[in-house]
Structure formats: C-alpha cells, structure tokens
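This report covers side-chain contacts between charged groups and between aromatic rings. The sequence and structure come first, then the contacts by type.

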Amino acid sequence: MMSSQDTLPKSHFAQRTEDREQEVDTLLMHIAVSCPCDAAELSRRITRAKAAIHEDLTQLMASGDVYFHDGALRAAAASRIIASAPAEQLREIHDQILAEIESGAASRTATLVALAESGCTDEALLRALIEAVSEHPEDALAIGALTTVARARGNCDEDVRVMTATHAAYRGQTEQVLSLTDGLLATASPEVFAEAGALAAAALIQSNRLERALAVYRRIGAERIGFNAAWAVVAAIGKGDLAAARHWRSVLGNDTLTNHESGLVDLADGILNTVSGNGDGALELLARSVSALAPLGEHVLLPESPAALAAIVAIGRGDPATAQTLLDRALKANLGGAWGRTRHLLLSSWSQMVQGQVDAAEATLAKLQAVENLSDRDRLFHLCLLAGIARRRTDLTAMRDAWQALRGHTFGISLTLFDLLPLGEMMVVAARLRDSERAEELALRAQSVATGLHEPIVWTAPFHWSGVQAAFQANAPATLIPHANALVAARQTSTYAATLASAGQTWLQVLRREANFESVAMSAKALAEHGQVWDAARLAGQAALQEPEREGALSLMQLAREINKAQTGNGATPRQTTQLTSRELEVARLVTEGHGYRAIGEQLFISPKTVEHHVARMRNRLGAASRGELLAKLQEIIAELE
C-alpha cells in the first residue's frame with residue numbers, strides 16, 4: 001500500500017508539467033498575436049529569462065510549431081491558438097502591445113497584421129496601420145489589415161482612403177495624397193469630396209500646381225470650403241488671379257473661434273495685402289498668422305507655410321533679419337511637421353545667404369534630410385541655393401554642377417509668384433556662366449504672373465535686382481533696362497526699391513569708371529542696411545578694383561572689409577604659436593580650399609598681386625621649400641585653429 005508521502009513527488013511532478021505547459025502555451029499565444037522578432041522581445045512581455053525563452057523557441061521550431069518568416073517568429077497554428085484563447089488573456093496581450101505602439105516604439109507590419117487577425121480593433125492599431133500603409137503603399141497584407149480594422153470600427157472604404165490620404169498629407173507625401181484622392185474626386189459624395197478635395201488641393205499647392213488646386217476648390221464650392229478658402233486665396237495670388245483671390249476672401253468671412261481659424265484669416269489678408277500698393281501691413285499680418293498657428297506645431301496641415309511666405313515678403317522688403325526671426329520661430333515650434341521644417345530650412349538658408357553669411361547658409365542647408373525626395377518647388381530652391389552659395393564663394397566648378405542640375409530640373413516645372421526669389425538667383429548664375437537662354441525663358445514665365453498682379457514690388461524687388469546683376473554679369477545693357485525701370489518706378493512707394501535703384505545706378509557708374517567714393521559708400525551702406533551685405537561688399541570691392549588711384553582703392557577696400565564683417569569664417573584670430581598675421585590667415589584658409597589668386601582677391605577685396613605677395617611671405621616665414629610643402633603647413637595651421 002502506498003503512503004501519502006509516496007504520492008507527493010508524483011503530485012509535484014504533475015504541477016511542474018502543468019506549469020511548463022502553461023509557459024509554452026503563453027509563449028505560443030504571444031507569438032500568434034504579435035509575431036515578435038526574437039527571444040529578447042518576448043522576454044520583455046512575458047517576464048521570463050531570455051535564455052529560457054530561447055531554449056523553448058529552439059524546441060518549438062524543431063517540432064514545427066514555430067517558424068521564422070520575413071523577419072518575424074510565427075506560430076504554425078496561429079488561428080487555432082487565437083480561437084481557443086480566453087478573451088481576457090487575448091485582451092491583456094493586445095493592451096500590452098498597443099501600449100508599446102502608443103509610447104512611440106517602432107512597430108513592424110507583421111505585428112500590426114497579427115494584431116488585426118487576432119481581432120484587435122483599437123483606434124491605436126488603426127492609426128498604426130494607416131502609417132504602415134502610408135510608408136508601404138504596395139503592402140497587400142497591411143492594406144488588408146487596415147481594411148479589416150476600419151470596417152470593424154464602422155468605416156467604409158472611402159473613409160479608409162481619406163484617413164490614409166490625411167496621414168500622407170501631414171507627412172508631405174504629395175503624390176501619394178493625389179493617388180489616394182484621385183478616385184474619390186470622381187465618385188465621392190459631396191461631403192466626402194469636400195474632405196478629399198481639401199487634401200488634394202493642399203498637395204497640389206505644395207507641388208506648385210496652383211491652377212488645378214483652384215479647380216478643386218471651385219468644385220468643393222463656397223458652401224463647403226470653410227476656412228480652406230484661405231488656401232484658395234494663397235493659390236489665386238500665387239497664380240496671379242487677383243479677382244479669384246478676392247472672391248475666396250469674401251467666402252472666408254471674419255468669424256473665428258480658434259487659433260487655427262484666426263491664423264488662416266490673417267494669412268489670407270496678409271497675402272492679399274502684398275499685392276496692394278507697397279504691401280504695408282502685409283508682413284505684420286503674416287507674422288500674426290505664424291504666431292496663431294505656431295502652437296499647433298506639426299498637428300496642422302499646411303499647403304504652404306505662412307512663415308515661408310512671410311520670410312519671402314520680408315526679404316522682398318529688404319529685411320532678411322526679420323525673415324530669419326520668423327523662420328526660427330516656425331522651426332522651434334515644428335510648424336507643419338517634417339514638410340514645414342524643409343521649407344523653413346530652405347528659406348532660412350536663403351536669408352543667411354542674402355546677408356552674406358555664406359558658411360551659415362551652407363550649414364543650414366546641410367540640415368535638410370532626404371533631399372532626393374524634395375518637391376519640385378523645394379528642389380528649385382535647393383539647387384538655386386547651392387548655385388548661389390557657390391557664386392558667392394567664386395567656386396566655378398560647384399556653380400557649374402549646380403547649374404547643370406538646375407537647368408535639367410526646370411523642364412516641365414510649374415512656376416508661381418512665390419518662385420521669383422530663386423529664379424532671380426538662377427538668372428545671375430546663368431549670366432555668369434554665359435548660358436542665359438533657359439533662365440530668361442523661365443523668368444519671363446514667372447514675371448507674367450507678377451505682371452498680371454500689376455508688379456507687386458514686395459514680390460518683384462529681389463527678382464528685378466537679380467535681373468540688374470545678371471545684366472552686369474552678361475554685359476547686356478538691353479536686358480538691364482526693364483529691371484532697372486521697374487525698380488525706379490517703385491521707388492516712390494518702396495524704400496527698398498529706391499535703395500536698389502540707386503545702387504544699380506551706382507554699379508553702372510562703377511563699371512563705366514565714373515563713380516566716386518561718396519556715391520559708392522552711400523549705396524553700399526544702404527544695401528547693407530537692407531540686409532544685402534554680400535552685394536554691398538561686392539559693390540565696394542568692385543569699385544576698388546576699378547579705382548585707378550591707390551589711395552581711393554585702399555579706402556574702398558577698407559569699406560568693403562567693414563561691410564563684410566557680417567560674414568562668418570573670415571576673421572579667425574591666430575594663436576600665439578601661429579606665425580601668420582590675421583590677413584595671411586584669411587589668405588591661407590582660401591588657398592587650402594583650392595581658390596586661385598584672383599578668386600581670393602575677389603573674396604577679400606584685394607588685388608591678385610597682393611594675394612601673391614601674401615603667399616610669398618607665408619612661404620618664406622614658414623620655411624617651405626615648395627608649394628606642396630607650403631600647402632601642407634598651411635593645412636596644419638588651419639586645422640589647429642579650427
């Protein structure tokens with residue numbers, strides 16, 4: 001007869017067996033519901049040692065109960081496991097994984113699909129699937145899971161397309177938005193059309209297809225457009241249709257309750273104000289729009305950035321410093337999310353370039369991500385910035401490279417009033433490289449928009465100034481006249497236009513060797529006061545090169561250097577151990593960058609002969625036996641200073 005003590009070991013063994021079975025069942029349940037990638041991921045959720053889970057996985061894979069496919073562990077009998085699971089346990093696993101998703105942890109598509117197949121219909125899963133489909137629009141499994149969850153939540157296929165398009169719109173994925181909304185615009189009900197149409201119109205504005213955007217707004221109609229009428233105003237002004245802009249402003253009304261609504265009304269009024277007279281009050285209204293929308297950060301859909309428009313207007317009024325302030329505010333608030341950041345960085349770099357802060361402009365440009373995915377409009381700005389920075393550094397090789405890319409990019413591109421800024425730089429670069437035909441064609445197309453709006457000087461002043469500069473570069477007096485006349489005509493209403501008109505006249509006198517120090521100094525200082533630091537210094541420097549008297553040339557060079565102090569990278573102070581003077585360090589830095597004597601002279605406003613003397617003195621002082629040895633020593637010194 002067996003004693004009670006004899007039964008204890010058997011009972012203990014049975015309990016251990018039951019516990020092991022429960023551990024394996026729990027492991028299989030988690031694999032079926034979440035498709036994890038490895039034992040470490042499972043260990044975080046099950047709170048078992050990773051090594052123990054790894055041992056179980058090895059046995060389960062050997063028996064065929066678990067297999068590895070497409071980067072994830074999968075249960076062979078997933079459907080049966082989920083069907084037989086207690087609802088409470090299933091919900092507990094769902095909640096655990098959904099909490100990870102909502103915390104911002106990266107989620108693989110396999111996990112999201114498995115959650116959907118296990119019956120999860122939570123809103124957090126719906127949002128995650130929308131994001132997955134947005135990133136991988138061809139993934140049939142993700143699309144199927146999204147459809148399943150959306151239908152379970154009472155959404156129809158049209159709703160799914162609108163939700164996916166909305167997510168893509170916030171990410172600036174314009175082509176995907178247009179693809180998703182295209183079918184809806186042809187078949188949707190008026191209510192769905194208004195929602196899908198607003199998304200499509202936003203994408204069309206972002207990609208510079210303003211005529212199509214206006215057509216969509218017209219189809220939406222005044223009764224359903226709501227505060228999106230503000231964007232119709234922006235599109236109409238960009239396209240040069242003042243009557244349409246005024247119509248949509250009347251539709252917009254003035255009754256606002258939220259920051260969003262208030263910001264859009266100020267935006268519409270500000271843009272309309274830019275084409276009225278000299279644009280007084282426009283910058284203030286646009287700045288108010290930025291202030292109202294900034295708190296919304298990345299959670300506001302912006303077909304165009306109010307901060308970007310305000311920056312262009314500020315530059316057009318000769319106030320790039322204010323442009324920089326507004327752009328910094330937008331960047332700090334992450335206004336418009338990733339798409340807005342790209343736009344703001346481009347305009348910030350432009351503002352710095354105009355002010356002569358070439359190194360800062362290049363550093364800002366380097367912050368851009370995925371430049372290969374830029375929209376046509378942003379790509380135009382980017383390439384013109386590369387060309388403009390190269391021009392200001394007298395880097396002909398980089399300028400030619402940027403110009404070739406830019407020239408090819410312009411075929412088939414749509415142009416608007418808001419593109420006059422980069423097109424102006426394009427004209428100057430093309431003239432410098434003696435290849436102006438394509439740039440002039442584009443300039444005429446864009447200028448026709450401005451002409452239709454009666455030449456609003458806020459938008460056209462930088463463009464006409466660039467036209468003057470391009471004419472000087474190409475030695476083409478005939479192309480100078482229309483640009484100069486436009487600036488002269490606007491000088492009664494715009495102090496910036498008056499400054500540019502006067503500076504253009506002075507520059508012409510310099511080229512004819514008819515200028516005097518007083519007129520050059522007055523024009524150069526006026527340009528600098530309006531933020532045109534690089535052009536101001538260049539005017540004084542060019543006047544110095546044309547000045548026959550040594551004393552006058554030295555005075556003009558000194559003026560150029562004083563103006564040029566705003567530029568970075570040209571004023572390093574040598575350490576005590578350095579054997580070079582401050583001026584020689586400036587020359588040394590440019591020599592190590594590969595610039596020739598003439599290019600160095602243009603940047604430092606000294607003659608090529610003076611550059612040659614500096615190089616000779618440095619070679620003697622450093623005891624360099626050859627040019628190669630001198631270059632090596634200079635590189636060591638510059639590296640030490642940096």
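## Terms and basis

A salt bridge is a side-chain nitrogen of Lys or Arg within 4 Å of a carboxyl oxygen of Asp or Glu. The model is predicted, so local features need pLDDT of at least 70 and side-chain atom pairs count only at pLDDT 80 or more, while totals for chains, interfaces and linings use all residues. Residues are numbered from 1 along each chain as its sequence is written, and side-chain values use heavy atoms, with hydrogens and water left out.

## Salt bridges

The search of the whole structure gives 29 salt bridges. One of them joins Asp157 and Arg151, at 3.1 Å from N to O. Asp157 is partly exposed at 42% relative accessible area, and Arg151 is exposed at 52% (buried means under 20% relative accessible area, exposed over 50%, partly exposed in between; 1.4 Å probe, protein chains only).

Asp122 and Arg91 also form a salt bridge, with 3.6 Å between the closest N and O atoms. This pair links distant parts of the chain, 31 residues apart: Asp122 is in the loop between α6 (109-117) and α7 (123-135), and Arg91 is in helix α5 (residues 87-102). Helices (H or I, at least four residues) and strands (E, at least two) are DSSP runs, numbered from the N terminus. Both residues are partly exposed, Asp122 at 25% and Arg91 at 36%.

In the salt bridge between Glu362 and Arg393, the closest N and O atoms are 2.8 Å apart. Glu362 belongs to helix α21 (residues 358-365), and Arg393 to the loop between α22 (376-392) and α23 (396-409), 31 residues apart. Glu362 is partly exposed, at 40%.

## Aromatic pairs

Four aromatic pairs are found in the whole structure. Rings of Phe, Tyr and Trp (its six-membered ring) pair if their centres lie within 6.5 Å; planes under 30 degrees apart count as stacked, over 60 as edge-to-face and the rest as tilted.

Trp350 and Phe381 form an edge-to-face pair, 5.6 Å centre to centre with 75° between the planes. Trp350 lies in helix α20 (residues 337-354) and Phe381 in helix α22, so the pair ties together parts 31 residues apart in sequence. Trp350 is buried at 3% relative accessibility, and Phe381 is buried at 0%. Trp465, Phe472 and Trp507 form one aromatic cluster.

## Charges over rings

A charge sits over a ring if NZ of Lys or CZ of Arg is within 6 Å of the ring centre and within 35 degrees of the ring normal. The charged end of Arg392 is placed over the ring of Trp534, 5.1 Å from its centre. Arg438 lies over the face of Phe411, 4.1 Å from the ring centre.
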